[in-house]
Amino acid sequence: MESVYWFIFGALAFLVAGLVFTQVALFKRCWALTHVSCSCMTKEGGIVSGNAAQLQAFFSLRNNYVFVYALMMAGDWLQGPYVYALYQHYGYDVKDIGRLFIAGFGSSMIFGTVVGSLADKHGRKKAALIYVLAYAASCATKHSPEYGILMLGRLLGGIATSLLFSAFESWLVAEHFARGFEEKWLGDTFSKAVFVGNGLMAILAGLVASYLVDTLKLGPVAPFDAAIVVLVAGGAVIYTSWPENFGDSAHAAEGVLQTLQRQFAVATGSILGDQRIALLGAMQSLFEASMYTFVFLWTPALSPAGEKIYHGMIFACFMTASMAGSSLSGILMKRYKVEAYMKYVFGLSALALSVPFLFNVSIAKDSRRSLQDATLTEGREAVRGISLHAQIQLVAFCVFEVLVGIFWPSMMTLRARFIPEETRSTIINMFRIPLNLFVCIILYNVHLFPLSAMFALCSTFLAIAALLQIRLERIIRDRPTAYAKGEEAAALLSGTASEADSAKDAA
């Protein structure tokens, strides 16, 4: 294996170790200060005030959520490396496989918003359990080679994905404020959840899946069976340890259709009536659309002429970079306001994904290999390794993954601050509609776009997100009263009038 992979992986692993060590040292200092003076985390150190009993209760909630989120993400990551391979194993071609993927994104776009609205109405814990059942059923369909059953599995998977990225976050935010914890502490939970769930679990799941398929020779369906076991285990923890919470329990007598109509009306009104929410939705859609498109583009970008690249090692580099980003986000949120540094995250992301465009990596129909050929390189032996240009692009892609690691917990924290509690899941899933629509369009027409043009489009999206973030920062800075009202609402939600009074005094 070429040394460049090990060099990049080693550098990223060293960075992660340093960031984790810094956070552990800060935590020990915090804990010592807590037991002495019942105060923890100054502005410089990022530690907020609180007594020992309250902090212990917070740590209990945080650790429970991180554990559950890690299991849920592990169930998702176990499937990733072998979805395409399984469909190929059943004899389906690229066009048929593409339709299956489009069905998954389309299902998330159409049905995801509906289930998100029902989660707000009927309970986030129930929605989390439905996620477990839907995704486990989706995995079970992989045992059948019938195209219709596989399509049903993709539809169930799309619904489950929408619940994964809305119901769990909504449950945590509501529970966090209901227990009277400070808003600033949410960032710590989100950063650790992303570090473990999106980083560590991704690497471990890849290794386990490879062991089941390549070492034990259990076939490409084995990782999906393992995912069912992990999902059921996580569902058992949810069932036994999570209390139920609701976004809106004031309309218990409403029917399903009435609930959906009212939830959509309220959510739409919130988005159109509050620039902050609209800007958050636009930035989330632009960033995630670029991120999911990148997933389909990085392989042909690194091997445009069929060069031999080590996908497993590159994936490990990406996930380690994401872990570094999530660790860094925890430090950033303790030292700076999220809205102050996110514009740099979007701007640097735009620069990172512009590198392939600057190198003019283009796969045209007439003069170069097609995107499909570059991705699969079937029937042709790769005679050389990764090129110098591709090595530079790999570094840029790892930088982008670091920024992805920063984005998730930071965006979750901003959403927790500004999105109304009663329609939180509904609004989050409405944000995903343009994202899923864009990805479906790209997947359906991927063979028509030059590779460099697609990267340029992603870079443009991210640059627009940076401009929108600057606008959001100005709105927050120029409307301190509105921000204080948000703080007051959070305090009222937690049931602590003193915090509401403090928010008024601060204004």
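Q: At what angle do helix α5 (residues 124–140) and helix α7 (residues 167–178) pack?
A: The axes (lines fitted to C-alpha atoms, for helices over the stretch in contact) of α5 and α7 are 9 Å apart. This is a predicted model in which local features need pLDDT of at least 70, side-chain atom pairs count only at pLDDT 80 or more, and totals for chains, interfaces and linings use all residues. Residues are numbered from 1 along each chain as its sequence is written, and side-chain values use heavy atoms, without hydrogens and water. On a scale from 0 to 180 degrees between N-to-C directions, α5 and α7 pack at about 150°.

Q: Is α5 roughly parallel or roughly antiparallel to α7?
A: Both helices are DSSP runs (H or I, at least four residues), and the angle between them is about 150°. Angles over 145 degrees count as roughly antiparallel, so α5 and α7 are roughly antiparallel.

Q: Is the crossing of α5 and α7 left-handed or right-handed?
A: The hand is left if the near helix is turned anticlockwise from the far one by less than a right angle. For α5 and α7, the crossing is left-handed.

Q: How many residues of the contact of α5 with α7 are nonpolar, polar and charged?
A: Helix α5 contributes R124, K125, A127, A128 and Y131, while α7 contributes A167, F168, S170, W171 and A174 (heavy atoms within 4.5 Å). Asp, Glu, Lys and Arg count as charged, Ala, Val, Leu, Ile, Met, Phe, Trp, Tyr, Cys and Pro as nonpolar, and the others as polar. The division is 7 nonpolar, 1 polar and 2 charged.

Q: How many nonpolar residues has the contact of α13 with α17?
A: Helix α13 (residues 338–358) and helix α17 (residues 451–478) cross at roughly 170°, and their axes come within 8 Å. That angle makes α13 roughly antiparallel to α17. Besides 6 polar and 3 charged residues, the nonpolar ones number 16.

Q: How many polar residues has the contact of α4 with α16?
A: Helix α4 (residues 94–122) packs against helix α16 (residues 424–444) at about 170°, with axes 8 Å apart. These two helices are therefore roughly antiparallel. Alongside 12 nonpolar and 3 charged residues, the polar ones number 10.

Terms used:
Angles under 35 degrees count as roughly parallel, over 145 as roughly antiparallel, 65 to 115 as roughly perpendicular and the rest as oblique.
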